[in-house]
Amino acid sequence: PPASQNNEQGSTLRDLLTTTAGKLRLGSTDAGIAFAPVYSTGTASGKSGRTMPNILDDIIASVVENKIPPNRAPKINVKSEIKDEPKDDKKCIQDDYSKRYSDIQYSWICDKHVLWLRDHKNSNNWKLFKECWKQGRPVLVSGMHKKMNFSLWKAESISLDFGNQQADILNCKDSIISNTNVKEFWDGFEDVSKRQKVKNGETALLKLKDWPSGEDFKAMMPARYEDLLKSLPLPEYCSPEGKLNLASHLPGFFVRPDLGPRLCSAYGECVAATKDHDIGTTNLHIEVSDVVNILVYVGIAKGNGVLSKSGVLKKLEEEDLDDLLRKRLKDSSELPGALWHIYAGKDADKIREFLQKIAKEQGLEVLPEHDPIRDQSWYVNKKLRQRLFEEYGVKTCTVIQFLGDAIILPAGALHQV
């Protein structure tokens, strides 16, 4: 309300909520929320125990009874609740975690920005994950393929079972999408001689776009769907029935985003061979929900025009990697399959401004309705990533995803692959 009306009679619902939250003795809940839920705490007969009144009734009654001025801040003592929380200092956080979660095998990568859970079987992983998730940090869990039926995810197996299906296939080099038989895609997955050629004779860099997805995935691939679900990391959060998976407990009237699962498949070794690594199979974008991405299969293509495994490793070593990722690259038992660049959601506006600036430098038309992130029109190459850091202070988090790695991203995190 206007200042002249800023009195008890003109107070808003926001005022009522903020000024009375600390005055109400509503007890505690497992969720640790500030207000009591609207449900009965009594028995089925309703005779033993008080029934929780509607929250608004409680608030209004409290305001009327105590005549709390709406502009007075509530006296809520939160010191006892947060006194044990570490300061926002990375070293302090790490030291605290190492004491509290000594039974969990984990490391920090990407300048301590990404949590790496190294033992997927540890039933206490979710406790440390929760601490990291509160801060909006990505999480990597390794070894998920050890829980899966590997034969189901081989390229030849999928081609044999579903080769007659039609799907959208994207040529990542020129962004041309065609609807074609998926057998053509899978036949060329590990045999370059069977891959499509573009007009200039170059080998097409193809991506099978989200095929199949959602309910289609479950209906078309029931065995693979069940294998995926039983192999999800941190099932408390990631499983559709997980007790900490918010989407599983939303009322039916909520409009949910597409929560998948969806199969993402692409030819990748041609990307590593391009100059400046300026082509990706997934351009920079943002997901509207939290995402878990498991690398279920890595193919080693043979033929002219692709790098050998050792050549791919050399290209990956040119990336801005931390010591732990470089060590994984040298481990012969590990098979790298995807290169990720991840950015915090708070940097979205800076990145958007930077990409619009680059577009103008390159003589591209920048329309008011154009959004380079929403349109997924950019793969930010190494030179641009360096400029982004130098000119805007935005650092890239570079992660190599190995076979069996699950990368879990919070909603709003920007990434390209």
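Visitor: Which residue is the bridge partner of Leu117 in β3?

Guide: That's Val141. By the way, this is a predicted model: local features need pLDDT of at least 70, side-chain atom pairs count only at pLDDT 80 or more, and totals for chains, interfaces and linings use all residues. Residues are numbered from 1 along each chain as its sequence is written, and side-chain values use heavy atoms, with hydrogens and water left out.

Visitor: What makes β2 and β3 a pair?

Guide: Strands (DSSP runs of E, at least two residues) pair if DSSP finds at least two bridges between them. Three bridges join β2 (residues 114–117) to β3 (residues 139–141), so the two strands pair, and they run parallel.

Visitor: Why are β1 and β9 called edge strands?

Guide: In the open sheet β1-β2-β3-β12-β9, β1 (106–109) and β9 (291–294) each pair on one side only.

Visitor: Which strands of this sheet does α5 touch?

Guide: Helix α5 (a DSSP run of H or I, at least four residues) touches β1, β2, β3 and β12, where touching means heavy atoms within 4.5 Å.

Visitor: Why is Glu131 called buried?

Guide: Buried means under 20% relative accessible area (1.4 Å probe, protein chains only). Glu131, which lies in α5, has 11%, so it counts as buried. Beyond residues up to four places away in sequence, Glu131 touches Tyr97, Arg100 and Tyr101.

Visitor: How do you know that Glu131 makes a polar contact with Tyr101?

Guide: The cut-off is a pair of N or O atoms within 3.5 Å, one able to donate a hydrogen and the other to accept it. Their side chains make this contact at 3.2 Å, so the pair qualifies.

Notes
Buried means under 20% relative accessible area, exposed over 50%, partly exposed in between (1.4 Å probe, protein chains only). Axes are lines fitted to C-alpha atoms, for helices over the stretch in contact, and angles run from 0 to 180 degrees between N-to-C directions.
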